[in-house]
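Let's take a walk through a protein structure together. Keep the 3D view open and turn it around as you read.

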Amino acid sequence: MTTETPQQSPATRTEVPGIQPGASGEAQLEVVGVDKTYQARRGEVHALSNVNLSIGRGEFISLVGRSGCGKTTLLRILAGLLPPTSGTVTADGQSIWRGGKRNDEAFEHFGLVFQDANLFPWYTVADNVSLPLKLRGMGKRARRARATELCELVGLPGFENAYPRELSGGMRQRAAIARALSYDPTILLMDEPFGALDALTRDKMNLELQSIHAQAGATVVFVTHSISEAVFLADRVVLLTPRPGRIRSITPVPLARPRSLETETSVEFQTIVRELRHELDEE
Ligand SMILES: Nc1ncnc2c1ncn2[C@@H]1O[C@H](COP(=O)(O)OP(=O)(O)OP(=O)(O)O)[C@@H](O)[C@H]1O
């Protein structure tokens, strides 16, 4: 299998495993020939095979695929939480793994959000949101001002002094997103951030994430089990196929922005969702 990335229009859907179109504009994240094998007690698990992906600055990428196809593994490699067995990942031209060791410098501009909001229960929302700023040495007043601004941005105005136990699941995820945005990341990695929310809250969070993405301008890689959520949010949907995890296809989503819930009733939206579901069913 080749690791070359041919020149193709980003509007072209590709179905050749391991070959993806260059992202529109300048590439910010480059994944080249990434392989991951876990050494498990039951033997080796080949989780990812020859993954190649070029993600443009400010682009929104959704990663979808069946359970166990390697979505989280890929995201954790991008996040610097897991070294690849082979291959390279670069962010803004800097290699994020060097000889199996994480290059901390490359991660200064990364924000992470997981399914569990992971807020500290003994801290207020403002303190949780501004914790990364405290760790970076920012003074209390500036932190407080930034936390207030971020609570506004993610739809939590007035909740700065609340504790996590006083928030709903959706509100806790908003606080987690605010925390991830606190130091202006240029790359936001999200692993099923809305997976535990009910359908209505999830719709609302998708609309909000879309507007946060538009305002913050960060590049986003978003893992989800939901094809419609993936299509609603993304500029391109990357479909992974399991055993071992490989890119099966990359689908551009040329729907106008901002998207609303009505977008989901459009023929274009439904056609993309149907085709992706069909591909999943074929596996
Ligand atoms: N720490 C680990 N040790 C051994 N095998 C692992 C480990 N983590 C993941 N795997 C295996 O690697 C493969 C990919 O797992 P991964 O969690 O990346 O998939 P996923 O697509 O995110 O799944 P899901 O949608 O269920 O979250 C699976 O076969 C899984 O069992």
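We'll go from the annotated domain to the ligand, then to a sheet, a helix and a hairpin.

Keep in mind that what you see is a predicted model. An unreviewed UniProt entry annotates residues 29-267 as "domain: ABC transporter". That span is 30% helix and 29% strand, and its end C-alpha atoms lie 32 Å apart.

Now find the ligand. It has 14 residues around it, and the closest are Tyr 38, Ala 47, Ser 67, Thr 72 and Thr 73. Where does this shell come from? β1 (27-40), β2 (43-56) and α1 (71-78) each give at least two residues to it, with α1 making the largest contribution, three residues. Sorted by class, the shell has eight polar residues, five nonpolar ones and one charged one.

Two of those elements, β1 and β2, also turn up in an open sheet of four strands, in the order β2-β1-β4-β5 with antiparallel pairing. β2 and β5 (94-95) are the edge strands with a single partner each, so one side of each has no neighbour in the sheet. Further in, β1 and β4 (residues 86-91) run antiparallel and are joined by five bridges. To spot the pairing, look for Leu 29, which stands opposite Ala 91 in β4.

Next, hop over to helix α6, residues 199-216. Its 18 residues reach 25 Å from the first C-alpha to the last, close to the 26 Å expected at 1.5 Å a residue. Which residues of α6 are buried? They are Met 205, Asn 206, Leu 209, Ile 212 and His 213. These cover an arc of only 130° around the axis, which means they sit on the same side of α6. On the face of α6 turned away from the buried side you'll find the exposed residues Leu 200, Ala 214 and Gln 215.

Last stop: strand β11, residues 236-241. Six of its six residues are buried, so β11 is largely enclosed by the rest of the structure. Arg 236, Val 238 and Leu 240 point one way, while Val 237, Leu 239 and Thr 241 point the other. Strand β3 (residues 60-64) runs parallel to β11, with four bridges joining them, and Leu 63 stands opposite Val 238. β12 (residues 246-252) runs antiparallel to β11 and is joined to it by six bridges; here Leu 239 faces Ser 249. β11 and β12 form a hairpin with four residues between them, and Arg 243 in the turn has a positive phi of about 55°.

How values were computed. Residues numbered from 1 in each chain as written. Predicted model: local features only at pLDDT ≥ 70, side-chain atom pairs only at ≥ 80, totals over all residues. UniProt positions renumbered as here; feature names shortened; annotations may be inferred. Near = placed C-beta within 6 Å. Nonpolar A, V, L, I, M, F, W, Y, C, P; charged D, E, K, R; others polar. Pairing = 2+ DSSP bridges. Expected span 1.5 Å × (residues − 1). Buried ≥ 20, exposed ≤ 12 C-beta atoms within 10 Å, placed from the backbone. Arc of directions from axis to C-beta.
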